[in-house]
Amino acid sequence: MKKLILTALPVAVIVLLTAFDWEPDWQSASGYAPVLMRKDDLRNSIIWQEARDFQRPGKIYIYGSTIFIVDVYKGIHLINNTDRTNPQKSGFILIPGVLDLAVRDSVIYADNAIDLVAIDIRALPQISILDRVEEVFPEPVAPDMMWWWGFRKPEGTVVVGWNKKSGRP
């Protein structure tokens with residue numbers, strides 16, 4: 001009888017655990033919704049634009065008389081700091097998914113979501129992509145770190161940012 005109970009108990013537990021079809025609801029688990037972009041569009045998404053206001057400033061980098069400020073997930077602001085008493089916004093490089101940058105020899109190295117890009121800035125406002133190393137970074141994670149809750153995205157897309165859901169704390 002004891003052998004029967006010891007054998008039947010684990011089988012009953014396994015049957016009960018597999019009988020429930022539980023799948024977490026990622027849409028209510030996170031306070032953020034992913035911003036998706038097709039991978040093909042990501043490869044052609046870096047554009048020089050006119051200066052704009054900061055939305056979510058991040059990393060700051062100084063190179064020569066230029067200040068570079070990352071606008072998280074959006075791009076990089078360029079600020080002319082030749083006159084240190086009166087810095088002037090000179091432009092914005094749209095780089096979806098950007099979180100970090102470095103500059104060396106007039107080349108910006110930045111993350112374009114999952115790719116590493118090298119951008120020549122010697123002839124501003126003309127920019128050119130010198131190189132792109134594809135899929136070297138993981139996709140950006142939601143600020144509340146709840147991105148793993150069963151999130152399924154369409155094939156061929158990449159997360160380039162996160163928007164706070166309305167009505168969430």
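Q: Where is tyrosine 73 found?
A: Tyrosine 73 is found in the loop between strand 4 (66–71) and strand 5 (75–80). Helices (H or I, at least four residues) and strands (E, at least two) are DSSP runs, numbered from the N terminus. The model is a predicted one, in which local features need pLDDT of at least 70 and side-chain atom pairs count only at pLDDT 80 or more, while totals for chains, interfaces and linings use all residues. Residues are numbered from 1 along each chain as its sequence is written, and side-chain values use heavy atoms, leaving out hydrogens and water.

Q: Is tyrosine 73 buried or exposed, and why?
A: Tyrosine 73 counts as buried because its relative accessibility is 10%. Buried means under 20% relative accessible area, exposed over 50%, and partly exposed in between (1.4 Å probe, protein chains only).

Q: And what about the phi of tyrosine 73?
A: The phi of tyrosine 73 is positive, at about 70°, although this residue is not a glycine. Most residues other than glycine have a negative phi.

Q: What is the phi of glutamate 135?
A: Glutamate 135, which is not a glycine either, has a positive phi of about 55°. This residue is found in the loop between strand 10 and strand 11.

Q: How accessible is glutamate 135?
A: Glutamate 135 has a relative accessible area of 48%, and is therefore partly exposed.

Q: Stepping back, how many helices and strands are in the chain?
A: The chain has three helices and 11 strands. Read from the N terminus on, the elements run α-α-β-α-β-β-β-β-β-β-β-β-β-β.

Q: How much of the chain is buried?
A: Of the 169 residues in the chain, 33% are buried.

Q: What share of contacts joins residues at least 24 apart?
A: Among contacts between residues at least 6 apart in sequence, 51% join residues at least 24 apart. Contact means heavy atoms within 4.5 Å.

Q: New topic: which residues does a cis peptide bond join?
A: A cis peptide bond joins leucine 124 and proline 125, with omega at about 10°. Most peptide bonds are trans.

Q: Where does proline 125 lie?
A: Proline 125 lies in the loop between strand 9 and strand 10 (126–133). The relative accessible area of proline 125 is 45%, so this residue is partly exposed.

Q: How far is proline 125 from glutamate 50?
A: Their C-alpha atoms are separated by 9.3 Å, although proline 125 and glutamate 50 are 75 residues apart along the chain.

Q: Which strand holds aspartate 120?
A: Aspartate 120 is found in strand 9, which covers residues 115–123. With a relative accessibility of 13%, aspartate 120 counts as buried.

Q: What does the side chain of aspartate 120 make a polar contact with?
A: The partner is the side chain of arginine 122, at 2.8 Å. A polar contact is a pair of N or O atoms within 3.5 Å; within protein, one must be able to donate a hydrogen and the other to accept it, and residues adjacent in sequence count only if both atoms are side-chain atoms.

Q: Which residues is aspartate 120 in contact with, leaving aside neighbours within four places in sequence?
A: Aspartate 120 is in contact with Ser106, Gln126, Ile127, Ser128 and Leu130.

Q: Moving on, where is valine 103?
A: Valine 103 has its place in strand 7, residues 101–104. Valine 103 is buried because its relative accessible area is 7%.

Q: What is valine 103 in contact with?
A: Leaving aside neighbours within four places in sequence, valine 103 is in contact with Tyr61, Tyr63, Phe68, Ile108 and Ile121. The C-alpha atoms of valine 103 and alanine 118 are separated by 9.2 Å, and these two residues are 15 residues apart along the chain.

Q: Last one: where is glycine 58, and what does it touch?
A: Glycine 58 has its place in strand 3, residues 57–63. Not counting residues up to four places away in sequence, glycine 58 touches Ile69, Val70 and Val72.

Q: How accessible is glycine 58, and how far is it from aspartate 100?
A: Glycine 58 counts as partly exposed, since its relative accessibility is 33%. The C-alpha atoms of glycine 58 and aspartate 100 are separated by 8.2 Å, with the two residues 42 residues apart along the chain.
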